[in-house]
Amino acid sequence: MKYSVLLASLLVATVASAQEAIPSFETVVEDVVFNTSNKVIIDEKTIKESRAPNITSLLSSQANVTVVSTAFQPNSIFIRGGDSSHVMIIVDGVPFYDASTIQRTFNLNSLDIKSVRRIEIIKGGQTVLYGGQALSGVIKIDTIPQEFKTKTGLQVQAGTQNFRDVTAVHTEALDETHAFLMRGHGSWKDSRSPVEDSDKSYAQNNWNGDAAYAWKGSVEGHVKGSFLQDLNNSPGSDRASNRIYDTEGFETYTRQTAASAHLKFNDIAWEPRLAMSMQNSLRKYDWPKTTPPDVNNPTGTDQRYGANLKTARVDFTPYKGEQLSVNGGLSYIYEDFVYRNKGTETVNKFSEQRGLFLKTDYTWTPGFSLAVGGRLENWDDQDPVSTYQLGLALFERTKLEVASGYKIPSLFQLFSSYGNPDLKTEKATQYSLMQEWAVSEKQNLSVTLFYAEFTDLLQITGSFPTMKYNNVSKSKTRGVDVTYTLRPFENGTLIATYGYQEPRDIDNDRWLLRRPLVNGSLKYLHTLEKHTGSLEFIGAGTRTDNGFQSAPTVLPGYVTTNAAYSYAWTPDRTVFTRLNNLTNNRYQETYSYLADGFNASVGAEFWF
């Protein structure tokens with residue numbers, strides 16, 4: 001309770017909601033949006049000045065957005081009471097995830113945050129435009145630069161826990177409308193064990209790189225190839241109690257390769273836009289048999305999960321007038337999933353999703369508009385699923401929205417050793433009312449009320465080794481997002497948000513797991529000539545966890561403090577430092593899994 005009071009009194013915070021849109025070279029998918037949806041935009045300037053160590057550290061400061069880790073899942077994202085599998089992640093305009101995972105996700109921190117130009121979080125159901133994964137929200141990440149300039153950059157960092165990080169980037173502008181981009185990144189760290197009172201550390205290594213060619217003109221777009229790889233040592237989880245414990249020799253490996261292409265035809269009727277991608281994923285878990293044998297690993301672990309993801313999307317605008325515009329499109333997603341245990345293939349399945357969507361916008365007068373959209377989609381031989389979205393904007397600052405949505409079960413949930421091929425789609429109906437105020441030239445306030453009902457939620461039931469996924473639960477969530485921005489000084493900005501939610505499991509009459517009732521942050525940023533400094537507080541209230549137990553555990557709330565400082569020695573030379581968790585608060589991210597304590601890094605950035 002004391003953390004709830006503290007966060008409520010601070011209106012604690014998000015970084016950069018309700019900011020003015022910045023002109024940019026945008027990706028294809030952003031051409032069709034619901035302007036009535038609640039959005040949080042984290043622009044390139046905010047990302048850079050935060051000196052945040054990774055993407056999830058930025059997401060976790062947003063109201064009613066929670067990011068948690070376990071021994072086997074680097075990050076799970078919960079938005080407004082929805083499940084971690086209800087969030088669509090889009091990287092440079094295409095869905096990006098490992099199709100073999102439970103939640104259709106991937107380790108967001110595998111992406112180099114220094115390559116990210118813009119992050120957009122769209123809260124609430126977005127199934128109409130993005131299909132059956134966007135049940136509670138969408139996270140868009142853009143890396144293609146806004147301007148085409150020839151330049152080479154190098155950034156190096158070092159810090160506690162033997163942390164080392166190197167990023168190199170080169171952009172070759174062939175002219176004002178064509179450019180080639182190359183990036184490479186490596187990171188190494190000996191992370192502190194998440195087990196209480198442990199002095200052990202676990203090596204974590206990450207490498208990634210990408211190359212892109214982008215152009216503008218009557219036909220604009222880009223083609224891109226990317227590579228991500230993680231090699232980490234990991235703790236284990238007790239099958240009976242779900243408690244984390246230290247291990248020896250437990251190694252996890254993930255690798256993703258991807259290629260994507262975007263085309264936008266500006267001079268052709270209906271302005272067609274095309275987005276395509278192909279992704280290949282591999283996950284490995286290697287844990288040699290111990291002496292004496294570990295009860296959770298009696299015969300040793302040698303598991304391989306492989307997947308391919310292929311996506312295609314066509315958008316078009318058949319009519320665009322002064323008051324009325326019509327957008328439509330087709331989407332296709334192919335997933336396959338292969339599982340091998342000690343060299344023996346036990347799962348080899350695939351799935352296809354086909355969707356058709358249409359969206360109409362009508363503006364009566366400036367400030368009064370209506371948006372209506374619908375989607376029809378089917379997967380494999382199942383009956384088609386329909387969904388709708390309705391948005392109404394009044395006086396430019398009042399926005400109402402109602403949306404239905406669905407989520408198709410993942411291949412892991414359908415066909416793994418815990419799978420159930422008879423699973424149905426999860427469904428939801430969601431409502432939101434957003435009001436914005438320009439309090440003064442220096443103050444802005446935004447308040448969003450929301451309510452959602454989820455049915456046929458997927459949960460794993462039973463006890464090991466007979467656990468299975470089933471459609472067993474109904475839930476309701478209601479809450480509020482608050483964002484407040486104040487500029488008390490010419491060079492200073494204070495950003496605060498407060499999130500409150502009541503995510504209730506109706507069938508079992510208890511709170512949904514891992515969703516705090518209250519969360520938020522408070523951040524102050526000050527810039528003075530060559531100096532930039534920031535101080536932020538991020539926190540969350542109590543939440544339940546350890547769902548395999550008859551009585552879930554209630555985890556206490558927490559508040560952490562971070563600070564950053566940068567000095568621009570010259571326009572092309574910058575030194576900086578980032579201090580994370582200044583109070584060394586090792587709270588439980590999930591049951592018995594302790595967050596990293598205090599850590600610090602220093603770095604330098606050079607442009608040539």
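This is a dialogue about reading a predicted protein model, feature by feature.

Biologist: Let's start with the whole chain. How many helices and strands does the protein have?

Modeller: There are 5 helices and 37 strands. Keep in mind that this is a predicted model, so everything we discuss is computed from its coordinates.

Biologist: How much of the protein is buried, and which atoms does the accessible surface belong to?

Modeller: Buried residues account for 55% of the 608. The accessible surface is about 25700 Å², with 57% of that area belonging to carbon and sulfur atoms.

Biologist: Now the charged side chains. Why can they pair up at all?

Modeller: Side chains of opposite charge can pair when their charged atoms come close. In this model the count is 29 salt bridges. One of them joins D92 and K224, with the closest N and O atoms 2.5 Å apart. This pair links distant parts of the chain, as D92 is in the loop between β4 and β5 while K224 is in strand β12, 132 residues away. Both D92 and K224 are buried.

Biologist: Which residue forms a salt bridge with R478, and where are the two placed?

Modeller: The partner is E502, at 2.7 Å between the closest N and O atoms. R478 sits in strand β25 (residues 468–489), and E502 in the loop between β26 and β27, 24 residues apart.

Biologist: And what does the salt bridge of D545 look like?

Modeller: D545 pairs with R514, the closest N and O atoms being 3.0 Å apart. Because D545 lies in strand β31 and R514 in the loop between β28 and β29, the pair ties together parts that are 31 residues apart in sequence. D545 counts as buried because its relative accessibility is 1%, whereas R514, at 22%, counts as partly exposed. There is also a network in which salt bridges with shared partners join R80, K123 and D481.

Biologist: Let's follow R80. Is R80 buried or exposed, and what is R80 in contact with?

Modeller: R80 has a relative accessible area of 5%, so R80 is buried. The residue is found in the loop between β3 and β4. Beyond its close sequence neighbours, R80 is in contact with several residues, including N38, N64, T448, F450 and Q501. K123 and D481 are in that contact list too.

Biologist: Where is D98 found, and which side chain does D98 make a polar contact with?

Modeller: D98 is in the loop between β5 and β6. Its side chain makes a polar contact of 2.9 Å with the side chain of S100. D98 counts as buried because its relative accessibility is 4%. Leaving out residues up to four places away, D98 touches R104, T105, F106, Q256, S281, R283 and A307.

Biologist: Next, the backbone. Which peptide bond is cis, and which residues other than glycine have a positive phi?

Modeller: The bond from T291 to P292 is cis, with omega near -5°; P292 is in the loop between β16 and β17. N242 has a positive phi of about 70°, and D509 has one near 55°. N242 counts as buried because its relative accessibility is 19%, whereas D509, at 58%, is exposed.

Biologist: Last, the surface. Which residues make the nonpolar patch of about 320 Å²?

Modeller: L154, V156, V166 and F608 make the patch. F608 comes in the segment after β37, and at 58% relative accessibility F608 counts as exposed.

Key
Residues numbered from 1 in each chain as written. Predicted model: local features only at pLDDT ≥ 70, side-chain atom pairs only at ≥ 80, totals over all residues. Heavy atoms only, no water. Helix = DSSP H or I, 4+ residues; strand = E, 2+ residues; numbered from the N terminus. Buried < 20%, exposed > 50% of the residue type's maximum accessible area, 1.4 Å probe, protein only. Polar contact = N/O pair within 3.5 Å; in protein donor to acceptor, adjacent residues only side chain to side chain. Contact = heavy atoms within 4.5 Å. Patch = residues over 30% accessible without salt bridge, like charges linked within 9 Å, V, L, I, M, F, W, Y side chains within 5 Å. Areas by Shrake-Rupley, 256 points an atom, 1.4 Å probe, with all protein chains shown as cover. Salt bridge = Lys/Arg side-chain N within 4 Å of Asp/Glu carboxyl O.
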